[in-house]
Amino acid sequence: MALPAFIPVSGEDSRPLTEPATKRRHEISTMPVRIHLPSATALALALSACGPTTGAPASGEELYDACENCHGSDGAGNPDIEAPQIAGLPQWYIEAQLHKFRSGARGAHPDDAPGMRMRPLSMSMPNDESVTAVARYVSRLPRQGNHEPKVAGGSATRGSGYYAPCVTCHGASGQGNPALNAPPLAGSPDWYLTAQLRKFIDGVRGGDAAADPTGAQMRAMAVTLPNDQAIKDVVAHIMTFEP
Ligand code: HEC
Ligand code: HEC
């Protein structure tokens, strides 16, 4: 059986991001199973080897290769491209957000450049199982605090007043509440929190209540923050929380 037929396949040009050598080794190591098949079938399988619909589904760790460029191998994020820390977010929240990006409920608004950078990557996940697998992997990465502050001029003291109504859903120390679909805020960088509050207020996130009911719920809260100073203050308060 013509083994060379498989070799070019591991180039996987259809994948959006470069694949590290480890992934290629993994795929090559599954070849002995496939070389027993008739060559046409084997070639078809090999050509679609990048889609987990054939053979063993890609693990969460393998799927995460597509995220590393922006969110970092540790999931701590990269402020230069506005990619937030995702490490240690709860699995239910990561899954929910990936589904929103996939459907366009998040990341499709023309004024949401960072969201539009994220959206194609969410769509590269072949199916719901891979969304679950990558979300589980990311949720287990250790969540880090102490991101370099980027937003100046907020008062944590004033912010604690603005944060009072947020406690119901996000918790007194920003730990989140799955029963209310509210994610943890502790450990998210200040520039990201600021940008999200602005997006909620402007309706760039959560602006369509039918497509994004939980985003719309949050939007109703965000609009109670009277001005940019209040956003900075509440974020300064959130930055006092330990992840
Ligand atoms: C091209 C860069 C890029 C890649 C690759 C990328 N992301 Fe993102 N991601 C972003 C940006 C930018 C945001 C912030 C979007 C926003 O501001 O709303 C984001 C946001 C997210 C969020 C929302 C975090 C929150 O607190 O709501 C999750 C979850 C996420 N990404 C997961 C992933 C996963 C999983 C992958 C791999 C399948 C991935 N991302 C690949 C750029 C990227
Ligand atoms: C009624 C419950 C509720 C209250 C009160 C609430 N939130 Fe939220 N918040 C949510 C939900 C639900 C989400 C997730 C939205 C989604 O699914 O996209 C969210 C998301 C967020 C996010 C985005 C987090 C991320 O990782 O992208 C920020 C920032 C945030 N809330 C800040 C606040 C602040 C600050 C307050 C107080 C002014 C507040 N929230 C009050 C429910 C609430």
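By class, the shell around ligand 2 holds 15 nonpolar, 8 polar and no charged residues. Here Ala, Val, Leu, Ile, Met, Phe, Trp, Tyr, Cys and Pro count as nonpolar, Asp, Glu, Lys and Arg as charged, and the others, Gly among them, as polar. The model is predicted: local features need pLDDT of at least 70, side-chain atom pairs count only at pLDDT 80 or more, and totals for chains, interfaces and linings use all residues. Residues are numbered from 1 along each chain as its sequence is written, while chains are lettered from A and ligands numbered from 1 in the order in which they are written.

Ligand 2 is surrounded by 23 residues. A residue is near a molecule or strand if its C-beta atom, placed from the backbone, lies within 6 Å of it. The closest to ligand 2 are C166, C169, T214, M218 and M221. Helices α10 (167-170), α11 (190-202) and α12 (213-222) each supply at least two residues of this shell. The largest share, 5 residues, comes from α12. Helices (H or I, at least four residues) are DSSP runs, as are strands (E, at least two), numbered from the N terminus.

Ligand 1 also has 23 residues around it. C67, C70, P114, M118 and L121 are the closest. At least two shell residues come from each of α5 (65-71), α6 (91-103), α7 (113-123) and α8 (128-139). The shell of ligand 1 comprises 17 nonpolar, 4 polar and 2 charged residues.

Two of these helices, α6 and α8, pack against each other. Two packed helices are described by the angle between their axes and the distance between the axes. The axes of α6 and α8 come within 8 Å and cross at roughly 135°. Axes are lines fitted to C-alpha atoms, for helices over the stretch in contact, and angles run from 0 to 180 degrees between N-to-C directions. The two helices are therefore oblique to each other (angles under 35 degrees count as roughly parallel, over 145 as roughly antiparallel, 65 to 115 as roughly perpendicular and the rest as oblique). In α6, Q91, I94, E95, L98 and H99 meet V131, T132, A135, R136, V138 and S139 of α8. These contact residues divide into 5 nonpolar, 4 polar and 2 charged.

Helix α8 also contains V134. V134 counts as buried because it has 26 C-beta neighbours inside 10 Å (buried: 20 or more other C-beta atoms within 10 Å of its own; exposed: 12 or fewer; partly exposed: in between; C-beta atoms placed from the backbone). Leaving aside neighbours within four places in sequence, V134 is in contact with G60, L63, Y64 and M125 (contact: C-beta atoms, placed from the backbone, within 7 Å). V134 and E62 are 72 residues apart in sequence and 8.2 Å apart in space, C-alpha to C-alpha.

Technical notes:
Two residues are in contact if their C-beta atoms, placed from the backbone, lie within 7 Å.
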